[in-house]
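Here are my notes on this model, jotted down as I went through it. Have it open alongside and check each point as you read.

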Amino acid sequence: MFDINSLLRPHLRNLTPYSSARDEFSGTAQVYLDANENSFGSATAEDFNRYPDPHQRRVKRMLARLKEVPADQIFLGNGSDEPIDLLIRAFCQPGQDHILILPPTYGMYSVSATINGVGVREVLLRPNFSLDANAVLSNTDRNSKILFICSPNNPTGNLMDRVAVEKLLQEFPGLVVVDEAYIDYCREDSWTCRLEEFPNLVVLQTFSKAWGLAALRLGMAFASRELIEILNKIKPPYNISQLSQQYALRAITNRDKMKRQLALTLFERQQLEQRLPQLAIVEKVYPSEANFLLVKVQEARPLYDFLLEKGIVVRDRSRVQLCEGCLRITVGTPNENEQLLEALAAFSVKEKQAI
Ligand SMILES: Cc1ncc(COP(=O)(O)O)c(C=O)c1O
């Protein structure tokens with residue numbers, strides 16, 4: 001039987017969390033003199049002088065309906081980078097435990113682990129970017145506390161095989177975090193619908209991608225009640241600002257714009273998937289379930305520099321293992337994608353002339 005408390009670092013088992021003014025009184029009153037706020041208002045035209053709800057109750061109530069996950073199984077973080085850090089801090093003993101990651105993948109898992117003095121064990125994806133569950137399990141021991149699976153994966157764009165993920169959920173001894181930052185762009189269901197089955201499952205999502213709210217810094221973690229309670233205990237008390245909560249509520253209540261942008265992104269991704277391979281310098285466009293494409297090109301670095309000269313910045317992934325020769329290109333607006341394709345065509349011509 002999976003026991004979250006035995007996985008938790010011993011010094012946190014009996015932690016008494018900080019109790020904020022808003023924890024101790026959450027009703028409505030005439031006069032608030034409990035939190036050392038500025039009673040006169042703010043230095044700006046709009047008022048932000050009151051601390052926000054530390055438990056983000058309204059946002060979670062709305063999200064619960066949208067995601068079909070009970071509100072007490074939702075954690076909100078300052079970007080999904082915050083729950084990544086909090087999970088490592090809660091469950092990995094520095095100098096002793098390690099996380100497992102599946103490169104090439106999102107860079108913050110290993111950065112967060114390293115900041116926390118926690119080891120990182122790497123199990124490479126297969127050359128076709130699929131997940132080898134047996135290789136993960138054979139690299140696992142009793143100090144393996146968290147496995148990060150990114151699906152759809154950044155920077156490769158593919159989904160991880162559900163059977164392999166399920167095997168890992170059943171057999172990995174620690175937490176299995178499925179990072180679904182790009183879930184809205186793909187055709188598969190979220191792993192959130194399997195939370196009841198797997199007490200060791202944590203699903204991460206974010207408002208930074210399909211919702212278009214990267215500047216707000218708002219990420220979500222979905223997990224068992226017990227695990228969410230642990231994250232709530234160790235988070236900074238007011239980790240989600242009032243503005244973020246307000247705008248998140250607005251976004252959730254009116255999803256039309258998000259849906260329209262999602263459809264546009266998927267259409268533009270398809271256009272790029274069709275047109276990029278027609279260019280001489282493009283060797284391969286990997287299939288993508290996200291809002292970016294991993295593109296193998298001739299001369300990745302010179303091409304990256306050439307694009308920069310044209311004012312177009314993409315991500316150079318050419319020195320990342322298994323992504324040799326690749327650039328990661330975010331799907332832009334039709335106009336931005338036209339500029340990109342034109343610049344790529346101009347580079348092809350330049351290359352031909354150089355030969
Ligand atoms: C796979 C993945 N997870 C998490 C994040 C971080 O998202 P946030 O903006 O919510 O911190 C990113 C950002 O690019 C990402 O690619």
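1. Let me begin with helix H4, residues 81–91, where 9 of the 11 residues are buried, so the rest of the structure largely encloses it. The buried ones are Glu82, Pro83, Ile84, Asp85, Leu86, Leu87, Ile88, Ala90 and Phe91. By buried I mean under 20% relative accessible area; exposed is over 50%, and partly exposed is in between (1.4 Å probe, protein chains only). Helices (H or I, at least four residues) and strands (E, at least two) are DSSP runs, numbered from the N terminus.

2. Some housekeeping before the rest. This is a predicted model, so local features need pLDDT of at least 70 and side-chain atom pairs count only at pLDDT 80 or more, while totals for chains, interfaces and linings use all residues. Residues are numbered from 1 along each chain as its sequence is written, and side-chain values use heavy atoms, with hydrogens and water left out.

3. Now the overall picture. The chain has 12 helices and 11 strands. Its radius of gyration is 22 Å, which agrees with the value near 20 Å that a compact globule of 355 residues would have; the radius is taken over C-alpha atoms, and the globule rule is 2.2 Å times the number of residues to the power 0.38. Along the principal axes, the C-alpha atoms fill a box of roughly 75 × 55 × 35 Å.

4. Of the contacts with a separation of 6 or more, 67% are between residues 24 or more positions apart, a contact being heavy atoms within 4.5 Å.

5. As for the surface, the chain exposes about 17700 Å², and carbon and sulfur atoms supply 49% of that. The areas come from the Shrake-Rupley method with a 1.4 Å probe, and for residues only the protein chains shown count as cover. There are 41 positive and 43 negative side chains, with the centres of the two sets 1 Å apart. Lys and Arg count as positive, Asp and Glu as negative, and His and the chain ends are not counted; each charge is placed at NZ of Lys, CZ of Arg, CG of Asp or CD of Glu.

6. Which residues does Val202 touch, beyond its neighbours within four places in sequence? The list is Leu87, Val176, Val177, Val178, Ala221, Phe222, Ala223 and Leu227. Leu87 takes us back to H4, where that residue is buried. Val202 belongs to strand E6 (residues 201–206) and counts as buried because its relative accessibility is 0%. For scale, Val202 and Tyr32 are 37 Å apart in space, C-alpha to C-alpha, and 170 residues apart in sequence.

7. At 47% relative accessibility, Gln96 is partly exposed. Its C-alpha atom is separated by 7.5 Å from that of Gly119, 23 residues away along the chain.

8. Asn49 is worth a zoom. This residue lies in the loop between helix H2 (21–24) and helix H3 (57–67), and counts as buried at 17% relative accessibility. Its side chain reaches the backbone oxygen of Asn38 at 2.9 Å. Leaving aside neighbours within four places in sequence, Asn49 contacts Glu37, Asn38, Ser39, Gly41 and Ser42.

9. Two cis peptide bonds to check. One joins Pro103 and Pro104, with omega about 0°; Pro104 is in the loop between strand E2 (98–101) and helix H5 (108–115). Another runs from Asn154 to Pro155, with omega near 15°, and Pro155 is in the loop between strand E4 (144–150) and helix H7 (162–171).

10. Positive phi deserves a glance too. Phe129, not a glycine, has phi of about 70°; it sits in the loop between strand E3 (119–122) and helix H6 (133–138) and is buried at 3% relative accessibility. Leu322 has phi near 75° and is in the loop between strand E10 (315–316) and strand E11 (326–330). With a relative accessible area of 21%, Leu322 is partly exposed.

11. Last, Leu340 in helix H12 (residues 334–354). Buried or exposed? At 3% relative accessibility, Leu340 counts as buried. Not counting residues up to four places away in sequence, Leu340 touches Leu272, Leu307, Ile312, Val314 and Ile329. Lys310 is 30 residues from Leu340 in sequence, and the two are 9.0 Å apart in space, C-alpha to C-alpha.

How values were computed. A polar contact is a pair of N or O atoms within 3.5 Å; within protein, one must be able to donate a hydrogen and the other to accept it, and residues adjacent in sequence count only if both atoms are side-chain atoms.
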